[in-house]
Amino acid sequence: MLVVAVLALTVASALVPAALAGPSGPVSSPLAGHPRPAAVAAASTREDSDEALAIPAGFIIGAGSSAYQVEGAWNVSGKGVSTCDRTYGNRSDGGGNVACDMYHHYKEDVEMLKIMGATAFRFSIAWARLLPTGEGDNVNPDGVRYYNALIDALLEANIQPVVTLWHVDIPVTLEDAFGGFYDIKIVDYFETYARTAFKYFGNKVKLWTTINEPHMFCVYGAGKGRMGATIIKPGISEYRCGHHMLLAHAKAYQIYRQEFYPTQKGRVGFSLDNYYTKPCSLDYDDVAAAERHQQFELGWFLDPILGDRGDYPPVMRERVPAERLPAFTPEQSAMLKGSLDFIGLNSYYGWSGCDGVPANAADPSYERDLAVTIPEAQDMNNPPGTFTWSPWSIRSSLVWLRDRYHHGLPILITENGFGSDGSEGVHDTARIAYFSAWLREVLTVIKNDEVDVMGLMVWSLLDSW
């Protein structure tokens, strides 16, 4: 199997030249006690001494994957059919039917992690492999055996498992019965699924993320009919999906704290994607648009958990009518409040935002509510294949989180990776430079910006599909 992500684990020999350095000085918000506008982008601090770039003790360096993208074995050993199986299995390349067949080759993959010096590996459980129909009384023993074997192999190699419960795929039975995350019924099923995973694997797994990239799925899946979503109502589906994902996360967190934490002592987080958006100009409307993009992307899922109001960001309430943006009951707000032990952040690149409704935005739609155009992408729904080179973006995201929430929670970068056209082959110096530059930014944040970053997980260990 091909290793597509060079981890740059021997960091000292791979750091990019100081010629790439920017202005110096710690980042602090000029708006003490108030949310930091996106216009105040984090400036880069450069100190090239060994001390400044030292990786802190206990800092996690690892790689990640998701079940559908790497496991293969889609219809063996009692596994049920997932939404991804149905959506992508008939592609000419086979989708994830075989992929890189991690299900049968996990020992080799763990050995590669060990050779590279990784201290952690993030993977997701295939919901339909553990509970083929989504029902709690239908546990697949072969699924339990597989994930226990993978976890045991990792621990034997001194590699910490970081487990994600949901990474796009759900049993088709739940999608067909009520539309998956379109309907609040999914919350009870997710609670059952989470409890099952905690029960069978929680004694060995100490870091969990409940849901991966809710923004990405709810906007591009539920809102556009991708990734297996079947009930598509632009301007409605996105917000129903996000609402139910938040409640599913909070319910899973609650049962872990109440039922499993006393003996398992693990931590539960939520992995959110952020393509940090700076204003395309210093015009007021563009500055406000860039900040609005941040709040519609990260604030959407963190304000209900970490914000003072226990609700969506005010800008979302102002721009999205009540009949399209669901309300939380007092009980739901109480359950959501503080339901995080750490924040998972997926960061690939940043871009710029201008005020204005995209030309292809439906009416109604998330894009029309947001009213931000992205000059770097002709179509916001189809980002460029080769990624923008923006080392500043990961630091800007981390500082934005610090200044908006004053949360004090550790942050684990659960995905960080590089997209290219592959022309360099396996000797991809651009990828090495990318990881060096991004890691340098993270170390700068830790040293100068008082942000607690637990570690960085590269996406991905293996070719996806």
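## Close-up views of a predicted model

Strand β3 and strand β4 (residues 207-212) run parallel and are joined by 4 bridges.

**View 1. The whole chain, as a starting point.** Welcome to the chain, which holds 15 helices and 11 strands. Of its 465 residues, 61% are buried. Among contacts with a separation of 6 or more, 79% involve residues 24 or more positions apart. The chain exposes about 17,500 Å², and carbon and sulfur atoms supply 53% of that area.

View 2. With strand β2 (residues 120-124), β3 pairs in the parallel sense over 5 bridges. To find your way into that pairing, look for Phe123, which stands opposite Val163 in β3. For the pairing with β4, look for Val162, whose bridge partner in β4 is Leu207.

View 3. Ser66 sits in the loop between β1 (60-64) and α1 (67-70). Is this residue buried or exposed? Ser66 has a relative accessible area of 1%, under the 20% cut-off, and so counts as buried. Its side chain makes a polar contact of 2.6 Å with the side chain of Gln69. Leaving aside residues up to four places away in sequence, Ser66 touches Ser124, His167 and Trp459.

View 4. Side chains of opposite charge can pair when their charged atoms come close. Both Arg195 and Glu191 belong to helix α7 (residues 185-201). They are 4 residues apart, about one turn of the helix. Arg195 is partly exposed at 27% relative accessibility, whereas Glu191 is buried at 16%. Take a look at Glu259 too: Glu191, Arg195 and Glu259 are linked in a network of salt bridges.

View 5. Lys224 forms a salt bridge with Glu367, and their closest N and O atoms are 2.7 Å apart. Where do the two residues lie? Lys224 is in the loop between α8 (214-222) and α9 (237-264), while Glu367 is in helix α13 (residues 366-370), so the pair ties together parts that are 143 residues apart in sequence. Lys224 is partly exposed, with a relative accessible area of 27%.

View 6. How accessible is Asp403? Asp403 is buried, with 5% relative accessibility. Arg402 is also counted as buried, at 17% relative accessibility. The value for Arg402 falls under the 20% cut-off, which means that this residue belongs with the buried ones.

How values were computed: Residues are numbered from 1 along each chain as its sequence is written. This is a predicted model: local features need pLDDT of at least 70, side-chain atom pairs count only at pLDDT 80 or more; totals for chains, interfaces and linings use all residues. Side-chain values use heavy atoms; hydrogens and water are left out. Buried means under 20% relative accessible area, exposed over 50%, partly exposed in between (1.4 Å probe, protein chains only). Contact means heavy atoms within 4.5 Å. Accessible areas come from the Shrake-Rupley method with a 1.4 Å probe; for residues, only the protein chains shown count as cover. Two strands pair if DSSP finds at least two bridges between them. A polar contact is a pair of N or O atoms within 3.5 Å; within protein, one must be able to donate a hydrogen and the other to accept it, and residues adjacent in sequence count only if both atoms are side-chain atoms. A salt bridge is a side-chain nitrogen of Lys or Arg within 4 Å of a carboxyl oxygen of Asp or Glu.
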